[in-house]
Amino acid sequence: MKQGVKEKYGRVVIVDPQLKDCKGHNYRYAKGIAEELGLPAVVLSHQQFHGEGDDSIDVHPCLSFDQYNNSAFKDGYRPSFFEKLSRFKDHVFTRLQQDNAIWDKKSPLGTLIKIFVAVGNFLWFFPALFHQLYLLTFGRGTSAHTDLAAIQLKAAFQEVDLCEGDLLVMQTMLWPTFESLLELKVQANKNYGCDALFIVHEDWTIYNTMYARFSPAKLEKRVLESLPFKRAKIISTNKPLSDYCLEWCGYYPQVVSEINFPLEDGLPQRNIAESDKIKVLIPGVYRGDKNFESLEQLIPSATAGDNKIEFCMHESVMARVRLPSQSNCTYTGYSSVDGAYAWLEFLSSFHLILIPYGEEYRHRISGIVHEARLLNIPVVCHNEIADASLLADERCLYGKGGEGIAEAIRIAVGLALAGTAFKAERPPAIASLLQDETGWIEGFDKPIAVQVKPAWTRCGTSVVLDTQMDCLVEHGYFVIEIYVKTEPWQLRQSQVDACYQVMRAGREFSGGMAVRVLFKNITLPRIAAYFYKLLRKRIPAFFKRENIHSTWCDLDAPMTSFLQSNNVELALVNHIFNNDFARKFIPAKKFVCETHDIQINQLLMRRPALRERYDAELDYELQLLNTYDAVVNLNRTEHKIIEQAVGEKAYFIPPPIIARPLKKSYSSLRALLATESQFEKLDGLPEKFDLLIVADGHPANIESVSYFLKQVFARLPKGISLGLVGTISNYLNVEPDLAARVFSIGYVEDLANLHEFTRLTVLPDIAGEGIPIKTNEVLARGCPFVASAHALRAFTVEELEESMIRASSSPQEMIDQIQSLLNSKTEWVDMMPAILRLAGHYTLNDYLGNWRAVLGLSRVSSALKNNVLHSGKETNLVS
């Protein structure tokens, strides 16, 4: 016989950061859970909670994070007192120098003000100097990662002494909070030993937009079994949401019945006053213009018939919505209703409830429908939202744009007193799901793998790095990402924003388990030690100096403690310049280096003087690589050089060619750039670019694109346009005679469907090391392109010949190929089958198989097999 809930758990601890008072749905759920389970309840609510809770619930107002906010990292930045003082000084001095109608700048008073500001700025130099010396002497924590949710949950769990025997219930938890719980594993550095139940009644689709690969498909491996709890289960409050999860990721959260509202006095009786009007409640205080627009569109459709309707809505909504003036329609407003019983009494006075949300709520349940079901008040709602599944009569639904809403209201009025508005069957209660072993994921201590990465937010190699991480996750590692950021040493708000781009925008296809972005932490002791080694000639190579610079980054204390006290199996160093940092901070049993390329060749682009000691620098780099347990390279030519130095420890693993799914789509080039870029000359844009180059400001890209503009583009017909997308635009001076047809777009937030507005992509590389990921990108998309021989260096001569790809070995060859492809409608179509065959040789399955050989991994996850073998929608969930 299964152990009962009361016998198994001593109390229930409920976490709900949206709980701010005793009036709304959140409090109803907290109280309902406690009374249904019959356990003493502790509720961790928002710190702004006001009002008195019931005796049966011990409310702790201690949380301030917003679980709907996926930028909590940025919001967690707290400027120092000196920084606040500096901002105040700058603000005051700026205002003093402005003409704000109090004084004239040319007047004696204006002159006096200018002198005062000049003297003030001069005197400010001294406290600023001492502040910088203080930072140089003592340093500061440079891990720019402040996860408020993890820190506050750790403190709250410590306050209530969360432990084995407790049941932890997390309310309406979205992905930002799941990430925070993985960070909690690091902060607390322990397992609480309790069961964790997640009740989700929110829109799951958000997980496949902002967190495309940190998705439900990764739920078991990446999240549930890695949380700092004994075991965890996710349940949902509506079947459409669970069906969606099953369809997209093979994971089905069990559906739980809505929590019955506990009232000592029982439920109020229906009390509809006699009137010739139909009383319709439109509940809620809306957030976002879309809800207001939906309501404005619905009301005219709802009043199209002969029915006389009285709409009641919140006063704040009436102030925002443009309500149509019609003879058969009147409006009343309501304000906040004090108390749960009073709210239900208020509901009982209406014929029906109208929900104005559209299909964007297709996986989201509304708390108001639960309350309507308690009182048997009919509901009229959109036919594609989750609430529709609860209604007994499909005629109470309306379609897109409000079609059929007048008839739906008429039908609902007929059901008002019949008590048959909802389906009789209900899902099981929470207590039965707690005792059901289905869906529970056991947590366990995993071996740790640490990825040390360069913080290049939009680098194409992020595809490679993310796939490495997926391979590790699927094989049972707890993965920690560490980005070493080559930024100035003093932490500022702008740097925190840049880190956010690294952690989010740069990880658009993946999500780690815990993450750190580290800034340089330059201190006087470090500088002194550096110059001492330099003067004593104890730094053997310039290459070593770059490693020392990377070592000036520090891990925060919680992460350091976590790594030192747990089983770190693997350090995967994705940039050889981070070698010294990895060796200093990561106590790993096995070190693997993924080189990208030979770094001394990269250094030569910035420091040509190193050519004089090239052999010595290369020898030092190869000696350093030889200290690793395995060295992975992406380029055939460089692999042969490295293999000579490190022998059997060298592995050649070409990256997979995979089409990235589009997160967004735009109807025109102008619409794309207006939304995703700062480009202002939108009126002059063509419908499509004839040619497109996407590149950042790397020296190799600057050299290659400059060469293309002078030697190729300048010799093309005058009517051909070129789009330059990326930070490369900041480093080029386009000749005046070319400027009219070169569109320097600059940084674009999301490239989206840019290639659909391009006739031909150009890959003009003449310099650079490693493997050109941009070539793989266009191959994966099947975009028409022309490429230099250097841009195609990843492929053998035989592969290029079989795929009918012609490399341009001279400017004239590239000119001829561009004109041929632009003028022909069939040439690229004829080449496509062979090119797709080439891309098919570089599969994700082969890539992961090669990595399993490097890392000594033998277990192949069934989830990985499914992700690789399935096509269609599931390809959006796999890199």
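Helices here are DSSP runs numbered from the N terminus, and a helix axis is a line fitted to C-alpha atoms over the stretch in contact, with angles taken between N-to-C directions. With that in hand, let's walk through this predicted model, beginning with a pair of helices.

Helix α2, residues 25-37, and helix α13, residues 367-375, have axes that come within 10 Å and cross at roughly 60°. The crossing of α2 and α13 is left-handed. On the α2 side, the contact is made by His25, Arg28 and Tyr29, while α13 contributes Gly367, Ile368, His370 and Glu371. Sorted by class, the contact of α2 with α13 has two nonpolar, three polar and two charged residues. If you are wondering how such pairs are described in general, two packed helices are characterised by the angle between their axes and the distance between the axes.

Follow the chain onward from α13 and you come to Asparagine 376, in the loop between α13 and β12 (379-382). Asparagine 376 has a positive phi of about 60°, although it is not a glycine. Its relative accessible area is 28%, so Asparagine 376 counts as partly exposed. Another residue to look at in this way is Methionine 804, which is not a glycine either and has a positive phi of about 65°. You will find Methionine 804 in the loop between α29 (797-802) and α30 (811-823). With a relative accessible area of 42%, Methionine 804 is partly exposed.

Let's step back to the whole chain for a moment. The chain has 33 helices and 26 strands. Of its 879 residues, 56% are buried. How many of the contacts between residues at least 6 apart in sequence join residues at least 24 apart? The share is 74%.

Strand β1 (residues 11-15) runs parallel to β2, and four bridges join them. Is strand β2, residues 41-46, mostly covered or mostly uncovered? Strand β2 is mostly covered, with six of its six residues buried.

Further along comes an open sheet of seven strands, in the order β17-β16-β15-β18-β19-β20-β21, with parallel pairing. Helix α24, residues 636-646, lies across β20 (630-633) and β21, and runs at about 165° to β21.

Strands of a sheet pair through backbone hydrogen bonds, either parallel or antiparallel.

Another open sheet has five strands, in the order β24-β23-β22-β25-β26, and its pairing is parallel. Which strands form its edges? They are β24 (742-746) and β26 (785-787), each pairing on one side only. In this sheet, neighbouring strands are turned by 25° against each other on average, direction ignored. Strand β22 (residues 689-694) pairs with strand β25 (residues 758-763) in the parallel sense over three bridges, and leucine 691 stands opposite leucine 760 in β25. Helix α28 (residues 773-781) packs on the sheet, where it touches β22, β25 and β26. The direction of α28 makes about 150° with that of β25.

Finally, a word on the cysteines. How many disulfides does a search of the whole structure find? The search finds zero. Cysteine 194 is in no disulfide, as the nearest cysteine sulfur, that of cysteine 163, is 8.0 Å away, whereas a disulfide calls for two sulfur atoms within 2.5 Å. Cysteine 194 has 1% relative accessibility and therefore counts as buried. Cysteine 381 is in no disulfide either, and the nearest cysteine sulfur, belonging to cysteine 396, is 8.5 Å away. Cysteine 381 also counts as buried, because its relative accessibility is 0%.

Technical notes
Residues are numbered from 1 along each chain as its sequence is written. This is a predicted model: local features need pLDDT of at least 70, side-chain atom pairs count only at pLDDT 80 or more; totals for chains, interfaces and linings use all residues. Side-chain values use heavy atoms; hydrogens and water are left out. Buried means under 20% relative accessible area, exposed over 50%, partly exposed in between (1.4 Å probe, protein chains only). Axes are lines fitted to C-alpha atoms, for helices over the stretch in contact, and angles run from 0 to 180 degrees between N-to-C directions. Helices (H or I, at least four residues) and strands (E, at least two) are DSSP runs, numbered from the N terminus. A crossing is left-handed if the near helix is turned anticlockwise from the far one by less than a right angle, and right-handed if clockwise. Contact means heavy atoms within 4.5 Å. Ala, Val, Leu, Ile, Met, Phe, Trp, Tyr, Cys and Pro count as nonpolar, Asp, Glu, Lys and Arg as charged, and the others, Gly among them, as polar. Two strands pair if DSSP finds at least two bridges between them.
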